[in-house]
Amino acid sequence: MKFYKADEYQISCEVLYREYELKIAALLADDYREKKSAFIERVLRQ
């Protein structure tokens, strides 16, 4: 096992975290909008 100093990995991990955070938030937002619009369409059809 290899151990790294904090300054050797923390910045790159932070960059990856922010990148994934934005992608996940975008996917969740899209999924929420799809569910909301499907619900509205179902209500309007009644």
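Analyst: Let us begin with a term. A salt bridge is a side-chain nitrogen of Lys or Arg within 4 Å of a carboxyl oxygen of Asp or Glu. In this structure, Glu21 and Arg18 form such a pair, with their closest N and O atoms 3.1 Å apart. The model is a predicted one, in which local features need pLDDT of at least 70, side-chain atom pairs count only at pLDDT 80 or more, and totals for chains, interfaces and linings use all residues. Residues are numbered from 1 along each chain as its sequence is written, and side-chain values use heavy atoms, with hydrogens and water left out.

User: How many helices and strands does the protein have?

Analyst: Helices (H or I, at least four residues) and strands (E, at least two) are DSSP runs, numbered from the N terminus. The protein has 1 helix and 0 strands. The C-alpha atoms fill a box of roughly 60 × 20 × 10 Å along the principal axes.

User: Which other salt bridge does Arg18 take part in, and at what N to O distance?

Analyst: Arg18 also meets Glu14 in a salt bridge, at 2.7 Å from N to O. Glu14 and Arg18 lie 4 residues apart in helix α1 (residues 6-45), so about one helical turn lies between them.

User: How many salt bridges are there in the whole structure?

Analyst: A search of the whole structure finds 3. One of them joins Glu19 and Lys23, whose closest N and O atoms are 3.3 Å apart. Glu19 and Lys23 are 4 residues apart in helix α1, again about one helical turn. As for shared partners, salt bridges link Glu14, Arg18 and Glu21 into one network.

User: Are the residues of these pairs buried or exposed?

Analyst: Buried means under 20% relative accessible area, exposed over 50%, and partly exposed in between (1.4 Å probe, protein chains only). Glu14 is partly exposed at 38%, as is Arg18 at 41%. Glu21, at 34%, is partly exposed. In the remaining pair, Glu19 has 35% and is partly exposed, while Lys23 is partly exposed at 49%.

User: What share of the residues of the protein counts as buried?

Analyst: Of its 46 residues, 0% count as buried. Accessible areas come from the Shrake-Rupley method with a 1.4 Å probe, and for residues only the protein chains shown count as cover. The accessible surface of the protein is about 4800 Å², with 62% of it belonging to carbon and sulfur atoms.

User: Which residues make the nonpolar surface patch?

Analyst: Patches are made of residues with over 30% relative accessible area and no salt bridge; like charges are joined within 9 Å, and nonpolar side chains (Val, Leu, Ile, Met, Phe, Trp, Tyr) within 5 Å. Leu16, Tyr20, Ile24 and Leu28 make a nonpolar patch of about 400 Å². Leu28 is placed in helix α1 and counts as exposed at 55% relative accessibility.

User: How far apart in space are Cys13 and Arg33?

Analyst: Cys13 and Arg33 are 30 Å apart, C-alpha to C-alpha, and 20 residues apart in sequence. Cys13 lies in helix α1 and is partly exposed, with a relative accessible area of 42%.
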